[in-house]
Every structure is written in structure tokens, then in C-alpha cells.
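Welcome, and thanks for taking a look at this one with us.

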Amino acid sequence: MTGPRILTKDWDKPSGWSMETYRQGGGYQALEKALKMQPQQIVDEVVKSNLRGRGGAGFPTGMKWNFVRKETSFPKYLVVNADEGEPGTFKDREILLRSPHLFIEGLIIGCFAIECHLTYVYCRGEFRDSAMARLDQAIEEARAAGYIGKNILGSGYDLEVHAVFGAGAYICGEETALLESLEGRKGYPRLKPPFPANVGGGLFKQPTAVNNVETLANLPVIVTIGGDEFSRIGLVPKNGGTRLFAVSGHVKKTGVFEAPMGITFQALLDQYCGGMREGSTLKGIIPGGSSSAIMTAAEADWASDFDTLKAKKTMAGSGAVIYLDQSVNMAHALANVMRFYAHESCGQCTPCREGTAWLSRLLDKIVAGKGEKQDVDNVHQIARQMEMKTICALADGAAMPAKSFIEKFRADFDALVRG
Amino acid sequence: MIPLPIRQAGPVESPFNAEQQGRFDAGLQRAIAKYPPERGKAALLAALHLVQDELGWLPEPAMAYVALRLDVPPARVREVATFYTMYRLRPVGRHHIGICNSVSCWAMGSEKLLARCEDMLGIHPGETTEDGHFSLEEVACLAACGNAPAMLLNNFTFVESVTEDSLKQLIRELREQPGKAMAPGPLPRMPDPHAHIEKQSDPQATGTLGMPAVATHPEAGTTGRDR
């Protein structure tokens, strides 16, 4: 293992998730410090830290919070996105199970920074009896210790924290769909603007910051060491801190690994995952969840930060890295990925509802050996026509793999089709 | 379209017995209390989960009852109940097995695992065994990709790093356990309304996006796996 361990420091300890372990390691001292600061000071540190949203978009957290702070309408809300569902992603579940207090401390600091007094953690429904139960227990412990509730640590600041859960819908990981779901409706993404940070766009139409679990878990260390120091942990500019990479696929050791932002995919594979499994050769890398464009083995030396990958026409996404070996036919893999998007498209926008289903049918036809060359071209063209035409990014998230799998692994498709 | 029975006209009544009613009321109160005073309707998803905890699925009279309790239109309850995949619109098996079919689990052999499970239970995804003991479905990514392939039991219990042997052992154990009681409803072995995308519109009928309609074979549109 290499690199600093900020988010995973308690993961190897017995009962690392307990309040006792967390406090022994200095837990909740950052909160005490934060409550003595001005809220705007905290946001300024977060801006300096170059903390980027870990849910997938990589939006600068400090900037998002400044949008919320600029609004003059109260109440303001902070809503946590714990609806982890992007295929390949399993880091937030690990945080909730293994370091719930780290996340809660970050959450309280975040709420204080945007002057929010009521916050919701929206967990995916499947987490109810596991990760959310652990979180609920930790919330009660924090409440008993005086970190949640009225007049926190004598500061005069009040905060109520509630965990709620969904009912099985990938789309609710999209922030506006999540807000719809939190308000008790089906998860149809909202047309933007107004953005959630602005009046009219957030929870109950109030200014709202929607943040990922991992993003908030970085707050205690930012307050402790300062934004500049945090920013320097990242290996590339404008990408501060470490990142939790959720690695799956054909590697020796799968799991969640904490590495500095910007580590290359080859280094992640060699230094953290022990390389590919026995007899395996790397064929492709899905760098940021199944919505991201696939990379070839030759591209494994790319850095994993948001900006590098955006320039390379893929994305760092949720930090879910899937290493695939030579046993995988990429046409089959894409057919699998597309079945997911066709199933999870919420049905609101025609290009996505029809496009994902159409792509899925074409790809199923191709992998069944009934396709023609033209079908492969059609998949690529339909994908291109789905981009930038819908309310949310699900269609783009389906189009990106469709295009890139074909562009980078055309031979796998051609081997299955006639003509 | 999802065929749902229409509720008979008449007063809306609680679908619960006294014991269930107590648990439902307490749970609903807790769920509503999480929201600001005038925002209790937001507890709709939680209310439907509470119904399902008691009855195993969401019968139409229970949906009408939830609409009454939260003062929301019955159509909105139905809209939510049909949107989310964890809600059951028909009874399922007393042990409901979900096998993840998303890409990380797929790469680690989830298709084979599903096929073995189908063989062992004698049912396909979306179906329930004749005795109502087991039902099976494919589920989307569970956020357990590090321990692929993964399964979900009865909506909330994760089973990870599943092998054919461990699956066999699990099913053997579950056969001996009574499992979750289901409120009476339509006969088992009905296809799950959420089952698959194949039900979406015919490609011939949707020449959208300026693209020519796709030539369809009789088999086109079925998934790769033989059913």
C-alpha cells in the first residue's frame, strides 16, 4: 500500500466503525474546530482544497456551496446522495459500513458551512438493513454525544439528521431525481435551471446542496490540515485529496483502495490490486463506472483525475474501476451494460427511453449471432444521436460506452456479425 | 402496460390486522416525523415499504389505504408503486432471490450462476415456484462489485462472493425455513411486471431519431440467453 490513508484509516481496526475507535483517532475534533470558525471560512478552505464531488460529476464542492450560500432564502438543505448504484461502484457502502462517524462528522461540518439545520441522507433501499442500519446507529451515537441536535457542543448551532431510503431505481442517483424521490414521488429528473442550489430547484424548492457520501467524508481532514495542504495530496492540479477507487473485475485483489487523486490506472492495478489474476492479460478498463467510455490496455498509463479523463473523452465518474481481461468479448460486455440502461431509463425523455431500448435490442441481436455489420454502425449512430438531448445525463451515460466500446474494440463486434 | 386490478368502489379500509396496524402506524409516524410539518406526503415511499413489510407485497386495497392516510391521490401511489423495482405488485416467493446481472458480476460469472439457480428452482426470472416458496429475479448493480457475483435476498440481505456451491447450500438451507408470509393475491408463477425491457415498444413502431426502423427477426428483441 502506498499513499496517505485519510478515509480508510480505521478500516483495518477491529470495530473500526465504532464511535470509540473514531474518537481515539481524533474523531470529532475537526467539528469542534469548525464550529468555532465562520461558515464562510470553512467554504473558503473547501474551495482552496480543490475537493471535487465524488459522486461522478467532479463538480468543485466549494463552488457548489457558495451557490447555496449566495441564496437569501431559508431554510437551506443539504441532501446526501447515498443512492450508490452506478455499476462497479461500491465505495459509499463501504464508508457507511466501516467509517460512519467520519462521514457524519463531515456531514455536520458541511451543514454548518451552508447554514443548514435539517439534512437528509438518501440511501438506496437495498441498504436498509445493512449500511443504513449502521448509519442510523452511528447517528444515534452522535446525537447522544451532543454532536447532533440542539446547540451542538455549546455553539448555538442546531442540526437534525435523518436517514431515509429509496425503493430501487438507479435514476434516483441523479440529484434532481433524488430530490423528487425524497419528496415522495417517482424519480423523474427535473429540468434545470433552476438548479438545486437555487431557489425553486432544491428540496421543497429551497436552496439545496446535494453531496456524495465520500465527498463529505473528506471534510474533517480539510478542516484539520487546511485546504492548501489537502489540495497538495492530489497528484495533479485542481484535484485535491485522495480518492476511493472501487476496483472490480479480473484482478488479483478487488476492493476499495484509497489512492491519491490522479494515480495512473497501471499504478492502481500494480500497487494496490496485485496485478491481473493468474493467467489474465488486461484487455480493457472501465475507468469510472459503466457510464464512462472504456479504455484499452495501452491507455492504462492515463491519470485517473477528473480533468485528464475528460480531456481523453471519458470520465473519472464515481471512481469505479473495472479491469477486464482477454476472456471478455466487448460486444457481449456492451450488451450487458446496455441492458442495464434500457432497464433503468426512467422513461421521461424519448431519446433515452427509446434509444437505450433500441441499443439494447440491437446489441442482443448482435451477440446472438444474428446481427449484420450495419447493426454495429447503427448502434454507434444511435448513441451519437442520444447525446445532449435529454433532461439528465443517463442517456449520455449510455451513449458513452456504446460509442467507445465500438470505437476501441470494433474487432470484437465484427467477429460476431455477417457482412 | 402493467395490468393491475381495479379497486372495487366503496369505503377504503385498512388491509391490516390489529398487530400489523400497530406496527404500520408507529412506522408511519416515525417516517412522517422526519419531514417538516406540512411535508408529510413525502413519506409515501416509506409508507409503501411499511405495507410491504407487513403483507409481503402491495395489494391494491393497501395502496388505496396509503393514499387515504397520506392524503395523496391514489394515482400517485400507484405511480410510485410501479416506478420502483423493490415494490412488489404481486405476491412473490416467501424467499425472494435477486441475482445481480450488472457488468462486474457479469464479468465474474453471474449468467452461469443464474442458470444454475434456474435449474435448481425450476423457474425463470420473474417467476415463483408452484409452492410459493421461492421466486427469482435479476437485479441491477447492488454496490457489492468487489465481492462479485452478488445476490440480494428478500430485498434487503446481501449475499456476496457467491459460488455455485454456496448457492446450492443457501437454497438447501432456505428450503427448511418458512420465509416471509405473503398476503393472498393473484396466483404465483405470474410474470413480474418489472421483469424486462422486452415489453417496451416494438422497434418497427418507433422509427424515432430520424433512423430507419430496425429490421426485426422473430427472435430479435429477446435477450441473448435462451428462455
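Let's begin with a helix pair: α15(A) passes α16(A) in a left-handed crossing. Please keep in mind that this is a predicted model.

- Helix α15 of chain A spans residues 350–367 and helix α16 of chain A spans residues 373–386; they pack at an angle of about 165°, and their axes are 10 Å apart.
- Since angles over 145 degrees count as roughly antiparallel, α15(A) and α16(A) are therefore roughly antiparallel to each other.
- On the α15(A) side, the residues that meet α16(A) include A:Trp358, A:Leu359, A:Leu362 and A:Ile366.
- On the α16(A) side, A:Val376, A:Val379, A:Ile382 and A:Met386 are among the residues that take part.
- Sorted by class, this contact has 12 nonpolar, 2 polar and 2 charged residues.

**A buried strand in chain A**

- Strand β2 of chain A (residues 118–123) has 6 of its 6 residues buried, so it is largely enclosed by the rest of the structure.
- Both of its faces are covered: one side carries A:Leu118, A:Tyr120 and A:Tyr122, the other A:Thr119, A:Val121 and A:Cys123, and all are buried.
- β2(A) pairs in the parallel sense with strand β1 of chain A (residues 77–82) over 6 bridges, and there A:Tyr120 is the bridge partner of A:Val79.
- β2(A) also pairs with strand β3 of chain A (residues 160–165), in the parallel sense over 6 bridges, with A:Thr119 opposite A:Val161.

**The sheet in chain B**

- Chain B holds an open sheet of 4 strands in the order β2-β1-β3-β4, with mixed pairing.
- The edges are β2 (134–139) and β4 (157–159) of chain B; each has a single partner strand, so one side of each is left without a neighbour in the sheet.
- From one strand to the next, the twist averages 25°.
- Within this chain, β1 (residues 95–100) and β3 (residues 151–153) of chain B pair in the antiparallel sense over 3 bridges, and B:Ile97 has B:Leu153 as its bridge partner.
- Helix α6 of chain B (residues 110–121) packs on the sheet and touches β1 and β2 of chain B, its direction making about 155° with that of β1(B).

**Chain B as a whole**

- Chain B has 7 helices and 4 strands, which follow the pattern α-α-α-α-β-α-α-β-β-β-α along the sequence.
- Of the 227 residues in chain B, 42% are buried.
- Among chain B contacts between residues at least 6 apart in sequence, 63% join residues at least 24 apart.

Technical notes: Residues numbered from 1 in each chain as written. Chains lettered and ligands numbered in written order. Predicted model: local features only at pLDDT ≥ 70, side-chain atom pairs only at ≥ 80, totals over all residues. Pairing = 2+ DSSP bridges. Helix = DSSP H or I, 4+ residues; strand = E, 2+ residues; numbered from the N terminus. Axes fitted to C-alpha atoms, helices over the stretch in contact; angles between N-to-C directions. Contact = placed C-beta atoms within 7 Å. Parallel < 35°, antiparallel > 145°, perpendicular 65-115°, else oblique. Left-handed = near helix turned anticlockwise from the far one by under 90°. Nonpolar A, V, L, I, M, F, W, Y, C, P; charged D, E, K, R; others polar. Buried ≥ 20, exposed ≤ 12 C-beta atoms within 10 Å, placed from the backbone.
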